[in-house]
Amino acid sequence: MHLLLSGIVGSVAYGLAGPGSDVDRLGVYAAPTVAFHGLRPPRESVVTTEPDVTLHEAAKYCRLALSGNPTATELMWLPDDCYETRTELGERLIAVRSAFLSAPRARDAYLGYATQQFRKLTTRDSSVGGRRRSAKHARHLARLLQQGRVLYATGVLEIRLADPEWFRAFGERVAGGALDEAEALVAEAERDFDRIRTPLPERPDEETVERWLLDVRAAFLPPELARR
């Protein structure tokens with residue numbers, strides 16, 4: 001495994017971390033190129049807990065990011081202080097990050113993930129643990145809608161939130177029973193997506209992504225094969 005790019009994602013990167021927050025790490029790695037031709041192809045992902053680390057092989061990472069997956073996408077847009085590994089190929093991945101973006105997939109992904117958070121809110125109980133989880137889901141709902149709208153309007157994914165206290169307060173209000181606020185926020189975001197004139201293209205630039213991935217494969221060929 002050759003780690004290309006990794007960093008701290010999630011609540012720490014957003015500025016929403018509290019005393020009990022986990023530190024989540026995400027990365028992309030390259031498997032040896034010849035391993036894809038054997039009987040047992042390389043693992044597409046490696047996930048551990050304690051610490052919480054998710055690593056995706058380069059091809060799987062590209063597929064996730066091309067689909068608009070918010071968690072995968074944010075790895076390429078982290079604040080500099082959140083990166084822990086930045087190789088030359090990782091820097092090149094960051095340089096072509098806009099190639100992964102498209103208007104329909106960004107809209108569907110961010111609205112879709114936010115809607116998932118809303119559904120979770122409607123099924124949580126009001127116990128202490130349930131309230132804590134509800135506040136977390138509400139924060140993430142609001143965060144996804146905010147990031148999605150900015151991305152859709154500007155073509156730039158802003159990871160660190162400008163006013164994290166607003167999101168914390170919103171989470172507590174929703175966890176306390178103000179589900180109508182969450183529902184209204186989703187409806188407002190849907191209206192915003194409808195009216196925004198986005199600079200994002202209809203389709204991602206898969207040719208640019210493919211070139212990067214092929215360069216990754218070439219970089220991890222055995223030297224005797226790479227010279228042929």
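**Sheet and helix packing in a predicted model**

Strand 1 and strand 2 (residues 24–30) run antiparallel and are joined by seven bridges. This is a predicted model, in which local features need pLDDT of at least 70 and side-chain atom pairs count only at pLDDT 80 or more, while totals for chains, interfaces and linings use all residues. Residues are numbered from 1 along each chain as its sequence is written, and side-chain values use heavy atoms, leaving out hydrogens and water.

**Strand 1**
- Strand 1 covers residues 2–9, and six of its eight residues are buried, so the rest of the structure largely encloses it; buried means under 20% relative accessible area with a 1.4 Å probe, protein chains only.
- Strands (E, at least two residues) and helices (H or I, at least four) are DSSP runs, numbered from the N terminus.
- Tyr 29 in strand 2 is the bridge partner of Leu 3.
- Three bridges join strand 1 to strand 5 (residues 83–86), and these two run antiparallel.
- Arg 86 in strand 5 is the bridge partner of Leu 5.

- Five strands form an open sheet in the order 3-4-2-1-5, with mixed pairing; two strands pair if DSSP finds at least two bridges between them.
- Strand 3 (45–48) and strand 5 are the edge strands, each pairing on one side only.

**Helix 4 and helix 9**
- The axes of helix 4 (residues 88–95) and helix 9 (residues 206–219) come within 11 Å and cross at roughly 175°; axes are lines fitted to C-alpha atoms over the stretch in contact, with angles from 0 to 180 degrees between N-to-C directions.
- Helix 4 is therefore roughly antiparallel to helix 9, a term for angles over 145 degrees.
- Leu 89, Arg 92 and Leu 93 in helix 4 meet Trp 212, Asp 215, Val 216 and Ala 219 in helix 9, where contact means heavy atoms within 4.5 Å.

Note on methods. Buried < 20%, exposed > 50% of the residue type's maximum accessible area, 1.4 Å probe, protein only. Parallel < 35°, antiparallel > 145°, perpendicular 65-115°, else oblique.
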